[in-house]
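Hi,

Here is the structure I promised to pass on. Have a look at it first, and then read my notes below.

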Amino acid sequence: MQYKATVSLVSLALLATSVQAEVFVAPFGGYSFGSTEFDIGDLNSQQTDKLKITESEHYGFMAGVTTKDPGNIYFLYSTQKTDLRSNAFSADVFTDLDVDYFHVGGSLFFPNGRVKPYVTVTAGVTHMRPSNDFSNETRFSMGFGGGVAYDITSQVALFADVRGYATFVNSNNSFFCGPNECVWNISADIMWQGQGNIGLEVKF
């Protein structure tokens, strides 16, 4: 089970850090944008179309430990309530869709007083949950990004970052199957999606 594997990775990462490390939690919110457009086809009627995840708000949290680099190791969860539309200029909704990211990652900081620019890399799974009796889909994904944190106090920091996620869909796979059969076929290798985030980090 991919979720169990993710939890195991988090546990190993936490054990690998120093006992002097600080634990932190960091709730965040933001906007998801720039999703890849899919070419899809109906396997029965041979009808073709293009679908795209609609841009919308998301929210989530990170939880992890600091490292001496300076940096951190963390688990990230992000969820977006959105939909799939036939194109960016149409109100024709194919299905409602929830997009969840379950990732393990790390950041490297470049402190300059209270201001700490950073880069970050993550890996995990993307879980897509459509409505209308379509099947859920879970795919391996990777993330990367950069941002800046500002230390309000030694234990509290405000941060903002931009992240990109690459979900490995695999081309020509049946996708979002219905209750009886997989009627839609997707032609894509990677689904790209961007995020802009702002949040608050609290250390313990």
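How many residues does the hairpin use to join S8 to S9? The hairpin gets from S8 to S9 through 4 residues. Before I go on, keep in mind that this is a predicted model.

Those two strands run antiparallel, with 11 bridges joining S8 (residues 137–151) to S9.

Of contacts between residues at least 6 apart in sequence, 66% join residues at least 24 apart.

Now the inside. The largest nonpolar core has 25 residues, and Met62, Leu76, Phe159 and Met191 touch the most other members. Strands that give two or more residues to this core include S1 (23–33), S5 (71–85), S7 (115–130) and S9 (156–168), while S6 supplies the largest share, 5 residues. Met62 is worth a look on your screen: leaving out residues up to four places away in sequence, its contacts include Phe24, Val25, Phe28, Leu76, Phe159 and Arg163.

As for the surface, 45% of the 204 residues count as buried. The chain exposes about 10200 Å², and carbon and sulfur atoms supply 60% of that area.

Cheers

Conventions. Residues are numbered from 1 along each chain as its sequence is written. This is a predicted model: local features need pLDDT of at least 70, side-chain atom pairs count only at pLDDT 80 or more; totals for chains, interfaces and linings use all residues. Side-chain values use heavy atoms; hydrogens and water are left out. A nonpolar core is a set of buried Ala, Val, Leu, Ile, Met, Phe, Trp, Tyr and Cys residues joined through side-chain atoms within 4.5 Å. Buried means under 20% relative accessible area, exposed over 50%, partly exposed in between (1.4 Å probe, protein chains only). Contact means heavy atoms within 4.5 Å. Two strands pair if DSSP finds at least two bridges between them. Accessible areas come from the Shrake-Rupley method with a 1.4 Å probe; for residues, only the protein chains shown count as cover.
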